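Here are my notes for you to read with the model open beside them. Take the points one at a time and find each residue as you go.

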Amino acid sequence: MAYRACTLLLWASAFAAHGAPAEPYVFPNYTEAAAVTADCGRMLADLKAQAAQLAAPAADGDVLAGLDAMTRRYEDTLGPLSLLTAVHPDKAVRDATEACTLKFDAFYTAFLQNEPVYERLKQAQPADDIDRRYRSELLDAFEDSGVGLPPAQRERAKAISTEITGLSQAFRRRLREDKTRLAFTQAELKGVPAPVWQQAPRDAKGRYLLGLDYPTLTPVLENAVDPRTRARMRGAFMRLGGTENLAVLQQLGDLRREYAALFGFDSYADFVLRRRMAQNEAEVQRFLATVKDAVERRELDDLALLREAKARHLKQPVEKTTLQRSDVAFYSERIRRARFAVDQERFRPYFPPQASLDTVFALAARLFGVSFKSLQQTLWHADARAFAVSDSTSGELLGTLFVDLYPRDDKYNHAAVWTLRNVSTLAERRPAAALVVNFDRRGLTLDEFETLLHEFGHALHSLLSKTRYAGQGGTSVQTDFVEAPSQMLEDWVYHPEVLALMQQVCKTCKPVPKDLLAQAERARHFGKGYQYARQHLFARYDLALHGKTREAPLALWKRMEATTPLGHAEGSMFPAGFAHIAGGYAAGYYSYLWSQVLAEDLRTAFDGKRLDAATGRRYRDTVLANGGQMAPAELMQRFLGRPSDSRAFFEFLNRQ
């Protein structure tokens with residue numbers, strides 16, 4: 001949902017603020033659910049007044065600016081509330097934020113069916129290409145919400161939209177608030193680094209109770225010598241969400257298919273893809289077929305090596321050895337240690353969490369000319385921190401970043417960036433974003449530092465955007481481009497000159513040994529066939545779930561996973577935890593592979609000069625600053641000086 005409107009009061013306040021010194025965004029301090037409910041009520045009242053003014057028969061003024069002012073109004077409230085749904089420690093507050101989102105969704109879906117506003121928008125005369133693109137996107141939003149449908153179908157579209165929002169919330173809430181704890185003896189945890197389990201609570205029998213957060217899950221899967229420990233841990237993770245979430249996913253698929261049918265589409269995939277770079281499902285399937293051709297043989301080679309490693313470890317013939325999915329991470333690590341002398345756990349002493357964050361800040365300063373200054377704010381948790389982001393040369397405030405580094409109960413358990421508010425040069429509005437991860441306080445592995453860079457790429461996209469309209473700011477781009485700027489930065493982790501920035505911000509930090517980093521760079525290419533084949537499967541599953549044919553989510557997953565070399569892992573319920581497709585990535589998970597093609601091509605401009613400030617500034621001004629106000633293909637062309645192509649991606653895919 002990304003489109004809106006304005007009042008005279010908002011215009012007056014915007015002009016009154018013109019020329020005033022910019023101040024960092026102050027995050028609202030919600031300690032009680034009642035405060036959330038009250039602010040939500042005020043937001044909805046303001047939005048209704050704005051909507052009425054825009055729809056008035058005598059309404060005049062710039063409808064594009066008016067609609068964008070409405071965006072800014074709901075971002076002011078929903079921006080922080082959407083984050084608090086995922087990170088606030090108080091369940092009552094989280095529940096209140098979800099209730100507000102449902103109320104807003106009901107209001108806004110109805111607003112996007114407002115015929116007088118739609119007619120005004122159709123008559124609007126764009127001043128330039130930016131206006132033209134924004135107007136086109138707004139018209140798409142009105143039309144996709146059902147403004148042109150007959151009354152009965154229009155009402156059904158509203159009801160479906162609100163129901164989908166509620167179901168998506170329930171799906172994610174079940175994952176976020178999961179309290180699964182598995183009991184293990186010390187013997188069963190042999191091989192797992194002691195700090196992972198030594199401080200864990202114990203049950204009445206003295207067994208260690210381990211949760212399924214990533215700082216616990218990953219070390220167990222990669223290091224536990226006992227295959228039953230690995231199988232139990234992976235099995236529990238693959239059952240997150242359970243039968244309840246499978247039922248929700250079925251409902252979501254049915255509702256999305258019904259919604260698409262209201263507009264004459266046979267599948268939800270074709271309904272949404274027509275607004276993306278790919279344009280239709282057939283084009284996505286063609287793309288995925290080229291990826292499959294590139295990784296199919298390599299996946300088989302990877303699995304053969306893992307099977308051989310398991311046979312050697314168990315001292316048995318290869319032909320009598322069966323590789324399980326719970327073996328993959330464990331034997332992949334054994335091969336990396338044996339062949340490349342790389343152990344992810346060895347990196348933790350070199351990447352203290354705060355020093356790692358300071359290092360990515362130093363990278364942004366060096367490459368993009370921006371600085372980060374710590375702010376004193378009362379936030380949702382003591383671990384959360386705020387930073388003012390400024391241009392290093394002019395000192396101009398660019399935006400505000402919030403960071404929440406460590407896991408805790410009821411917190412979102414993966415890694416993501418929330419764009420709380422988008423930039424708007426029209427209103428002299430600065431952006432704010434929140435980076436949320438779940439890192440081990442002892443330090444990061446190299447893979448986790450790569451994750452930090454990935455999410456930081458999203459944050460930079462938001463904070464360095466300079467768009468006219470908030471509705472086109474930062475990551476408000478087509479879904480199949482949104483991951484490209486973040487994926488591009490991942491590669492920086494393997495360059496010694498980048499990691500050397502750590503010593504500039506942390507004098508006591510030991511530098512990563514060059515030979516260890518070089519070995520890790522070689523090791524990253526091992527297992528690439530299995531990794532990308534898995535991503536390929538997820539993308540195909542998502543498209544099938546949202547395609548023309550209805551099939552139960554788990555039955556579909558079993559059928560599709562069964563065709564892979566390792567087959568289906570009985571008892572697993574992977575779709576029940578597939579949060580991406582329960583939310584905004586429905587019929588869009590292919591975007592991770594699609595964006596990777598673009599990311600690899602963007603990266604070619606930095607070949608041999610990962611810290612080149614001139615290239616970084618050109619990237620900032622061309623790609624990041626323009627957010628969604630230009631088509632991705634045009635941004636790529638302007639930055640690269642040529643049309644984008646997939647050569648760099650397939651070269652990377654085939655690299656040994």
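1. Start with Leu-212. Leaving aside neighbours within four places in sequence, Leu-212 is in contact (heavy atoms within 4.5 Å) with Asp-178, Thr-180, Leu-217, Met-233, Ala-236, Phe-237 and Leu-240. You'll find Leu-212 in the loop between strand S2 (208-210) and helix H9 (214-223); helices (H or I, at least four residues) and strands (E, at least two) are DSSP runs, numbered from the N terminus. Leu-212 has 7% relative accessibility, so it counts as buried, a word that here means under 20% relative accessible area, with a 1.4 Å probe and protein chains only (exposed is over 50%, partly exposed in between). Arg-181 is 31 residues away from Leu-212 in sequence, yet their C-alpha atoms are 7.3 Å apart in space.

2. A word on the model. This is a predicted model, where local features need pLDDT of at least 70 and side-chain atom pairs count only at pLDDT 80 or more, while totals for chains, interfaces and linings use all residues. Residues are numbered from 1 along each chain as its sequence is written, and side-chain values use heavy atoms, with hydrogens and water left out.

3. Next, look at Asn-245, which belongs to helix H11 (residues 242-262). Is Asn-245 buried or exposed? Asn-245 counts as buried, because its relative accessibility is 0%. Residues up to four places away in sequence aside, Asn-245 touches Ala-170, Phe-171, Arg-174, Leu-175 and Ala-576.

4. Now the sheet. Five strands make an open sheet in the order S3-S4-S5-S7-S6, and the pairing is mixed. Strand S3 (370-375) and strand S6 (416-421) are at the edges with a single partner strand each, so one side of each has no neighbour in the sheet. From one strand to the next, the twist averages 25 degrees. Two strands pair if DSSP finds at least two bridges between them.

5. Go through the pairs. Strand S4 (residues 385-391) and S5 are antiparallel over six bridges, with Arg-385 opposite Val-403 in S5. These two strands form a hairpin with five residues between them, and Gly-395 in the turn has a positive phi of about 80 degrees. S5 and S7 run parallel, joined by five bridges, and Thr-400 stands opposite Ala-432 in S7. S6 pairs with strand S7 (residues 432-436) in the antiparallel sense over five bridges; Trp-418 has Ala-434 as its bridge partner in S7.

6. How many residues of S5 are buried? Eight of its eight are, so to speak, under cover.

7. Two helices to compare: the axes of helix H2 (residues 33-55) and helix H4 (residues 91-111) come within 9 Å and cross at roughly 10 degrees. That makes H2 roughly parallel to H4; angles under 35 degrees get that label, over 145 is roughly antiparallel, 65 to 115 roughly perpendicular and the rest oblique. The axes are lines fitted to C-alpha atoms, for helices over the stretch in contact, and angles run from 0 to 180 degrees between N-to-C directions.

8. Finish at helix H26 (residues 632-640), where Pro-632, Leu-635, Met-636, Phe-639 and Leu-640 are buried. These residues cover an arc of only 110 degrees around the axis, which puts them on the same side of H26; the arc is taken from the directions from the helix axis to the C-beta atoms. Their cover includes helix H6 (129-144), helix H24 (591-603) and helix H25 (613-624). Just after H26, Gly-641 has a positive phi of about 75 degrees.
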